[in-house]
Amino acid sequence: MIPTLQWTDEGVRFLDQTRLPLEEIYVTANSYQDVAEVIVTMVVRGAPAIGVAAAMGLALGVKNSSAAGVPALAAEFDTMCRALAATRPTAVNLFWAIERMKRLFAEVSQRSGATVALVREALIAEAQRMYDEDIAACRRMGDYGAPLLPRQGGVLTHCNAGALATCGYGTALGVIRSAVDQGHDLHVFADETRPFLQGARLTAWELMHDHIPTTVLCDNMAASLMRQGKIQAVVVGADRIAANGDVANKIGTYGVAVLAKEHGIPFYVAAPWSTIDLRTASGEAIPIEQRPAREVTHHAGKQLTPDGVGIENPAFDVTPAKYVTAIITERGVLRPPYEESLQGLAGVLEER
Ligand code: MRU
């Protein structure tokens with residue numbers, strides 16, 4: 001399995017995604033500040049991986065703390081949560097993970113006889129549980145999503161929603177992996193995904209690692225290939241799905257969804273339940289991260305654009321729910337109208 005991130009005795013170990021595909025280098029974050037830094041610099045990226053990385057960052061911060069008692073630790077923990085929450089604003093998994101760690105901290109610290117050691121042990125175990133749950137969720141998404149893909153044909157994906165964006169297996173790429181395991185004869189078209197090139201560098205690298213036939217496309221090629229009948233389905237991941245089914249994902253996803261509709265191609269979104277944000281009514285309320293202009297103006301240290309030109313670099317866009325054929329989660333496949341299917345599945349689970 002691709003070792004995206006791992007809890008170790010020394011700290012949290014990350015496969016440095018800024019160096020792939022040419023170099024497989026690992027970096028170890030030795031403090032919660034280091035973890036915040038690797039999230040901001042995209043050494044680790046992808047919504048589910050960011051969430052679990054933040055949880056491990058909090059566990060690491062508590063492990064490293066020399067606080068004398070639980071109240072002092074609580075004050076430090078609050079600072080750690082704020083630092084990690086300030087890293088990337090769009091992926092809701094980040095906030096979901098921090099909230100989950102906060103709830104556990106509050107619960108353990110209220111137990112009679114609670115000690116720093118007990119809180120520490122509980123938070124480390126919780127972060128590792130989240131890691132295991134993420135892989136299990138990806139596998140279940142794969143099982144639910146595989147039958148939606150054609151028995152034979154081309155599948156387009158955008159950005160990297162694979163093992164590298166999760167703790168393993170992937171969301172969109174998990175669905176593709178599962179379909180291939182079940183005998184589907186698929187050819188993956190990976191949008192290069194300007195400006196950070198997650199498709200060209202990461203999706204291509206991890207699918208080749210698994211011997212799944214893959215072709216990289218420049219971002220402006222999908223329309224033409226769809227028109228030629230080379231693409232039978234689109235499957236992407238998500239950073240946040242609002243209560244009405246609007247989907248925030250890597251910039252360019254919206255354009256792909258519109259093209260898919262025009263060509264009568266199904267457009268699937270695969271995401272764990274931790275990506276669903278029922279507190280956000282629609283895509284309009286989803287905060288969109290703006291990344292540094294340099295990611296657009298430069299490539300590999302070389303300047304591409306004239307000095308002083310205006311630059312846009314929103315990291316994500318919102319695909320309105322009307323373009324989404326189905327949302328694949330570890331709890332099942334959701335169909336429109338998403339207000340009802342999302343609430344329905346959330347409600348059913350709460351009743352259990
Ligand atoms: O900026 P990134 O690389 O973190 O963006 C990642 C994406 O947009 C992914 O598609 C999304 O996080 C889903 S990952 C399973």
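**Aromatic pairs and their surroundings**

Modeller: Searching the whole structure, which is a predicted model, turns up two aromatic pairs. A pair of aromatic rings is described by the distance of the centres and the angle of the planes. Phenylalanine 77 and phenylalanine 105 make up a stacked pair, with 4.5 Å from centre to centre and 20 degrees between the planes. Phenylalanine 77 belongs to helix 3 and phenylalanine 105 to helix 4, so this pair ties together parts that are 28 residues apart in sequence. Phenylalanine 77 has a relative accessibility of 4% and therefore counts as buried, the limit being under 20%. Phenylalanine 105 is buried as well, at 5% relative accessible area.

The other pair is formed by tyrosine 254 and tyrosine 323, and it is edge-to-face: the centres are 6.1 Å apart and the planes are at 65 degrees. Tyrosine 254 sits in helix 9 (residues 253-262), while tyrosine 323 sits in the loop between strand 14 (316-319) and strand 15 (326-329), so the pair ties together parts that are 69 residues apart in sequence. Tyrosine 254, at 36% relative accessibility, counts as partly exposed, whereas tyrosine 323, at 14%, counts as buried.

Apart from neighbours within four places in sequence, phenylalanine 77 is in contact with Leu58, Val62, Met101, Lys102, Phe105 and Leu123. The largest nonpolar core has 49 residues, and Phe77 is one of the four that touch the most other members, along with Phe14, Val35 and Met101. Two or more residues of this core come from each of strand 1 (5-7), strand 2 (12-15), helix 1 (32-40), helix 2 (47-64), helix 3 (70-85), helix 4 (92-110) and helix 5 (116-145). Helix 2 gives the largest share, 12 residues. There is also a second, separate core, made of 30 residues, and among them are Ala222, Val236, Phe267 and Leu342.

Val236 leads on to asparagine 249, which touches Val236, Gly237, Ala238, Asp239, Ala315, Phe316 and Asp317 when residues up to four places away in sequence are not counted. Asparagine 249 lies in strand 9 (residues 247-250) and, with 5% relative accessibility, counts as buried.

Asparagine 249 is also one of the closest residues to the ligand; 19 residues surround the ligand, and the closest are Arg45, Arg88, Gln198, Asn249 and Lys250. An N or O atom in the side chain of asparagine 249 is 2.6 Å from an oxygen atom of the ligand. For lysine 250, the distance from a side-chain N or O atom to a ligand oxygen is 2.7 Å. For arginine 45, a polar side-chain atom lies 2.8 Å from an oxygen atom of the ligand. On its own the ligand has 410 Å² of accessible area, and the protein covers 100% of that.

One further contact joins residues that are separated in sequence. Proline 287 and proline 89 are 198 residues apart in sequence, yet their C-alpha atoms are 6.3 Å apart in space. Proline 287 is in the loop between strand 11 (276-277) and helix 10 (294-297), and at 33% relative accessibility it counts as partly exposed.

Key:
Residues numbered from 1 in each chain as written. Predicted model: local features only at pLDDT ≥ 70, side-chain atom pairs only at ≥ 80, totals over all residues. Heavy atoms only, no water. Core = buried A, V, L, I, M, F, W, Y, C linked by side-chain atoms within 4.5 Å. Buried < 20%, exposed > 50% of the residue type's maximum accessible area, 1.4 Å probe, protein only. Helix = DSSP H or I, 4+ residues; strand = E, 2+ residues; numbered from the N terminus. Contact = heavy atoms within 4.5 Å. Near = heavy atom within 4 Å. Polar contact = N/O pair within 3.5 Å; in protein donor to acceptor, adjacent residues only side chain to side chain. Areas by Shrake-Rupley, 256 points an atom, 1.4 Å probe, with all protein chains shown as cover. Phe/Tyr/Trp six-rings, centres within 6.5 Å; stacked < 30°, edge-to-face > 60°.
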